[in-house]
Amino acid sequence: MSLAVFTSDRFADHLTPPGHPERVERAEVMQVVASEFRKGGGAVLDPRVATEEELARVHDRAYLGLIRETAGRATALDPDTFTSPDTYDVARLAAGAVLAGVDHVLGARPGARALAMVRPPGHHSERNRAMGFCLFNNIAIAAAHARAKGLARVAIVDYDVHHGNGTQWMFYDDPSVLFISSHQYPFYPGTGAAGDIGTGAGTGLTVNFPMEAGGTDADFEKVYGVAGAILRKFRPGLILLSAGFDAHADDPLGGMRVTTAQFARLTALIAAAADECCQGRIVAVTEGGYDLAALAGSLRAAIGALDGSTALADLPPASGDPRRADATLAAVRPHLAKFWTI
């Protein structure tokens, strides 16, 4: 297994107001973890900047112009989402890091994987709206890029505690992109109900697993057993992972009880599906995760699962009562049973 990490110390140049959870210290954690990976012999590569054409595959041109106008200034785009003088350039670099990961994986031998450790995050950003700390939808931009490079099918999996509303809406009617999300529900941003399954030609290709607060490792293990089966049936040419770690038990924003070891298991389960259906091709990108120690530990756990140094069989089994997962699957089944085995 071969893993390349794409990151930059420039991700510390996106500044948020004092007390904001998406703070510069998150970038410092990413740099520490990247340095450890490099010292262990891992490849840590510089990202590139996403072009306007690449951003415009999923974002409106007028919206891109609005964000471009924030360059050099500190602005509030909504009550949660801010720019600083360097944010526009940093956000383009964050999107470009995932694009570089896609290019790397598609251009390498089977088994290549990539992780983009970036900020600001992206999955809440919609076609013409910044929200939830996000300006450009990094993973959606990457999915559109993979399609433009000729892949017939791409899958996106999102285990952030918040629903990736922006990613969902960008591909809601698109039969070439499967979107799977597990998330605390009801919770910000309020989307991701069991009945949100896509529309038109994309019906059935949005798969939401809305979960009650308090979900344990066992709940997530059960849900991702189902998600893995769906990925294998869809058989994408590439799996993209929105790797948000705010479902961690120590996270100050989320209400879940996932352990660091379980993030290794979740990542390994998704990677195992990639091994079976798309030659191991998986590109992950950071989203949320606001407790610094939990973020560091979860990043290390995900890296171990992605580079193959941590085998699924060696990880502690998930513990807890999966009753919340049972309730989630019971809610989802009537909407999606005709498309997938739930």
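Ala, Val, Leu, Ile, Met, Phe, Trp, Tyr, Cys and Pro count here as nonpolar, Asp, Glu, Lys and Arg as charged, and the others, Gly among them, as polar. Keep that in mind for the first stop, and remember that this is a predicted model.

**Stop 1: the cavity.** Select His 14, Thr 16, His 20, Asp 80, Thr 81, Phe 82, Phe 133 and Leu 135, which line the largest cavity. By class, this lining has 3 nonpolar, 4 polar and 1 charged residues. The volume of the largest cavity is about 30 Å³.

**Stop 2: aromatic pairs.** The count comes to 6 aromatic pairs. Show Tyr 88 and Phe 136, an edge-to-face pair at 6.4 Å centre to centre, with 75° between the planes. Tyr 88 sits in helix 4 (residues 87–107) and Phe 136 in the loop between strand 5 (112–116) and helix 5 (138–148), so look for partners 48 residues apart. Phe 136 is buried at 2% relative accessibility, and Tyr 88 is buried at 8%.

Next, pick Phe 133 and Tyr 290: their ring centres are 5.7 Å apart and their planes at 90°, so this pair is edge-to-face. Phe 133 lies in the loop between strand 5 and helix 5, and Tyr 290 in the loop between strand 10 (282–286) and helix 9, so the pair ties together parts 157 residues apart in sequence. Phe 133 is also among the residues lining the cavity from the opening stop.

Then highlight Tyr 159, Phe 245 and Phe 263, which form one aromatic cluster.

**Stop 3: Ile 303.** Go to helix 9 (residues 292–307) and find Ile 303, buried at 6% relative accessible area. Beyond its sequence neighbours up to four places away, Ile 303 touches Leu 3, Val 33, Phe 37 and Leu 115.

Notes
Residues numbered from 1 in each chain as written. Predicted model: local features only at pLDDT ≥ 70, side-chain atom pairs only at ≥ 80, totals over all residues. Heavy atoms only, no water. 1 Å grid on protein atoms, 1.4 Å probe; cavity = no way out; pocket = protein on both sides within 12 Å on 5 of 7 lines; lining within 4 Å. Points joined across faces, edges and corners; volume = space filled by probe spheres on them. Helix = DSSP H or I, 4+ residues; strand = E, 2+ residues; numbered from the N terminus. Buried < 20%, exposed > 50% of the residue type's maximum accessible area, 1.4 Å probe, protein only. Contact = heavy atoms within 4.5 Å. Phe/Tyr/Trp six-rings, centres within 6.5 Å; stacked < 30°, edge-to-face > 60°.
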